[in-house]
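Subject: Structure for you to look at

Hello,

Here is the structure I promised to hand over. Please open it beside this email and follow along.

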Amino acid sequence: MGKEDKYLLHQIYSPEDLRKLKVHQLPQLGEELRAFIIDEASKNPGHLGATLGTVELTMAVHYVFNTPYDKVVWDVGHQAYAHKILTGRREQFHTNRKLNGISGFPKMEESEYDTFGVGHASTSISAALGMAVASSLLDENDRQHIAIIGDGSMTGGMAMEGLNNAGVTNSNVLVILNDNGIAIDKNVGALKEYFAHINASKTYNHFRDFVWKAMGGKTKYGKNSRSIVKQIRKAVKSSILNKNNLFEAFNFRYFGPVDGHDIHSLVKILRDLKEIEGPKLLHCVTVKGKGFEKAEQNQVKFHAPGFFDKTTGEPITSNSSKKSPPKYQHVFGETIVELAEKNPKIVGVTPAMPSGSSLNIMMEKLPKRAFDVGIAEQHAVTFSAGMATQGLMPFCNIYSTFMQRAYDQVIHDVALQNLDVIFCLDRGGLVGEDGATHHGIFDLAYFRCIPNMIVAAPMNEKELRDMMYTAQQGGLGAFSIRYPRGKGVMIDWQTSMETMPIGKGEALKQGDKVAIVAIGHPGNDALSAAQLLEKEKINVAVYNMRFLKPLDEALLHQVFKSHEHIITVEDGTIIGGLGSAVEEFKNEHTYTAKVYKLGVPDQFIEHGTREELIKICGFDIDGIVNTVRKAIS
Ligand SMILES: Cc1ncc(C[n+]2csc(CCOP(=O)(O)OP(=O)(O)O)c2C)c(N)n1
């Protein structure tokens, strides 16, 4: 026997292999899975805490249900590493989130076990319900549909919409609520308090267990199982207690709360639930970071910890003594506090991303004026609009990719009514390893076409600060400021508070035949490219537009009048963004200079490092240099 044979994990290439194990072997498999995930994540960063909390749930679901015939839908999908490993991707797992490697989220084209692509929260119930309705229309009535959703994601409106719809169908949907009491930061809102309340109160479950037992045994039904279950359902339905349970009010059968780490109980109850038709919800209580002490102790940090020592849990950081520039999010977090201390109208809003956006700095210093509203982007925007009607000045900070969720609210509730709401879009542009579901590449295009909307993108930390200072002066309507993930450039920013003329760009460098017109952080690469070309005696002009809307037409007239080749550079979709705007301007004014558009092409960009992806899209320094060379050749 080889040394490796003692590992159960090594025998598992699909859930079919898993189902060959005896139930009593599952705890050992769970330990091996955890050790494997911790080891991999320590050297190849990704999401960790959520996945450690769902190890038992994942094993139990694949053990009991007939996947992939039965459909398991993960919500967000950051907790699905054990699922990936048990469904044939253990040997590729070291490529997780890397260029050409497997995705950090479930993805339909990657595996038949990934029934639905995810990355954004609160989609699982709707998707599973859609599958269930399809199964019944296609006469596949024995198929099970399981949505696994966290307590944080359950706060999203779409989860409620899914429950509301599912409750009036007789679809075979099982929602598993993975309640660990935390989102990325602490979970918030009334629902969270409700979960805590039902965790503490066992009344309902005692009643259910009583009925269950009275009807003849808990787990084995035999021939009459259907009718027994129907009678139980009738009894439960007629109970005066049931409408006190939120999920029962949605016409779901509610079971739980159960210990989501007790694999034996999980297997038992899932086997039971398999026999019950119609919508049902199993409430599991789990611990985020389970089984790794540091991750259990510091759940926020270990949501996505970066490199760490797998023995001690200590972070591993590069020990370069070079001072590095601050992250853009940090500049936002510090600046909003400073501005708010001077301007009492300022309030801050985040949908469940206090530490990701750095609004947590304001939440700490000015707790009454900074709001985490839960995973609820639509609400965050309209809530901000409501405050704006009363004269407050909301800074609504939403990651670019999640702002997609709230598009109508931006148009209908803010821009149409010309309300002063400042949108700070973090993670604008390609974000790297999170991949296609998370790139913030559409915002420049989707905001540019909205009337009354100012669309700004700073080239560095100082510009971000000045844009925020300018926006809060008020009377400007909807004002969006988008900035990228990660660090700025080394520039003095802390003391700057300058008003930026709206819709005015600047010339960074004069040149001859070629001009590069950039917006946002890529302006730095445009400048570096021009400096490189200078060494070859190619003199290229560089312009920083700062605003995509209103567009600095006076500056563009100047650019078109004095150059033959115009290269636009943006960290966003070429369609609809700066390149489109410049080309429209050219056509309108019948200029003849040739326009070359660099940015994100018309395709979804997968995962990899940001640098790799920018290179692939061709707007890195080399890409810009090559475009200039081609233009003048
Ligand atoms: C629409 C949307 N908004 C925000 C996020 C960022 N996000 C990723 S995971 C997460 C927390 C999810 O909490 P929960 O569902 O409880 O899962 P847990 O991490 O606790 O297991 C958030 C806010 C997202 N993925 N999608």
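Below is what was found, one region at a time.

Keep in mind that this is a predicted model.

**The sheet**

Start with the open sheet. It has 5 strands, in the order E1-E2-E3-E5-E4. The pairing is parallel. Which strands sit at the edges? They are E1, residues 71–74, and E4, residues 253–259. Each of these two pairs on one side only. Neighbouring strands of the sheet are turned against each other by 20° on average, ignoring direction.

Now look at the E4 end. E4 runs parallel to E5, which spans residues 280–285. The two strands are joined by 5 bridges. For one example, find Asp259: its bridge partner in E5 is Val285.

**Helix H4 on the sheet**

Next, find helix H4, residues 55–64. H4 packs on the sheet. It touches E1, E2 (145–150), E3 (173–179) and E5. The direction of H4 makes about 165° with that of E3. That angle is over 145 degrees, so the two directions count as roughly antiparallel.

How many residues of H4 are buried? The count is 10 of the 10, so H4 is largely enclosed by the rest of the structure. Among them are Val55, Glu56, Leu57 and Tyr63. Glu56 is worth a click, because it counts as charged and is on the buried list too.

**H4 against H5**

Two packed helices are described by the angle between their axes and the distance between the axes. Take H4 and H5 (residues 81–89). They pack at an angle of about 40°, and their axes are 8 Å apart. H4 and H5 are therefore oblique to each other. Their crossing is right-handed.

Which residues make the contact? H4 brings Thr58, Met59 and His62. H5 brings Ala82, His83, Leu86 and Thr87. By class, that contact has 3 nonpolar residues, 4 polar and no charged.

**His78**

Stay in this part of the chain. His78 is in the loop between E1 and H5. Is His78 buried or exposed? Its relative accessible area is 14%, so His78 is buried. Set aside the neighbours within four places in sequence. His78 is then in contact with His47, Ala50, Thr51, Phe105 and His303.

**H22 against H26**

H22 covers residues 522–535, and H26 covers residues 621–632. Their axes come within 9 Å and cross at roughly 55°. H22 and H26 are therefore oblique to each other. The crossing of H22 and H26 is right-handed.

From H22, the contact uses Asp525, Ala526, Ser528, Ala529, Leu532 and Leu533. From H26, the contact uses Ile621, Ile624, Val625, Val628 and Arg629. What classes do these residues fall into? The contact of H22 with H26 has 8 nonpolar, 1 polar and 2 charged residues.

Check the spacing of those numbers as you look. An α-helix has 3.6 residues a turn, so residues three or four places apart point the same way.

**Ser480**

Last stop: Ser480. It lies in strand E11, residues 478–482. Its relative accessible area is 3%, so Ser480 is buried. What does Ser480 touch, leaving aside neighbours within four places in sequence? Its contacts are Phe423, Phe447, Met453, Ile454, Val455 and Ala456.

That is the tour. Over to you.

Best wishes

Methods. Residues are numbered from 1 along each chain as its sequence is written. This is a predicted model: local features need pLDDT of at least 70, side-chain atom pairs count only at pLDDT 80 or more; totals for chains, interfaces and linings use all residues. Side-chain values use heavy atoms; hydrogens and water are left out. Two strands pair if DSSP finds at least two bridges between them. Helices (H or I, at least four residues) and strands (E, at least two) are DSSP runs, numbered from the N terminus. Axes are lines fitted to C-alpha atoms, for helices over the stretch in contact, and angles run from 0 to 180 degrees between N-to-C directions. Contact means heavy atoms within 4.5 Å. Angles under 35 degrees count as roughly parallel, over 145 as roughly antiparallel, 65 to 115 as roughly perpendicular and the rest as oblique. A crossing is left-handed if the near helix is turned anticlockwise from the far one by less than a right angle, and right-handed if clockwise. Buried means under 20% relative accessible area, exposed over 50%, partly exposed in between (1.4 Å probe, protein chains only).
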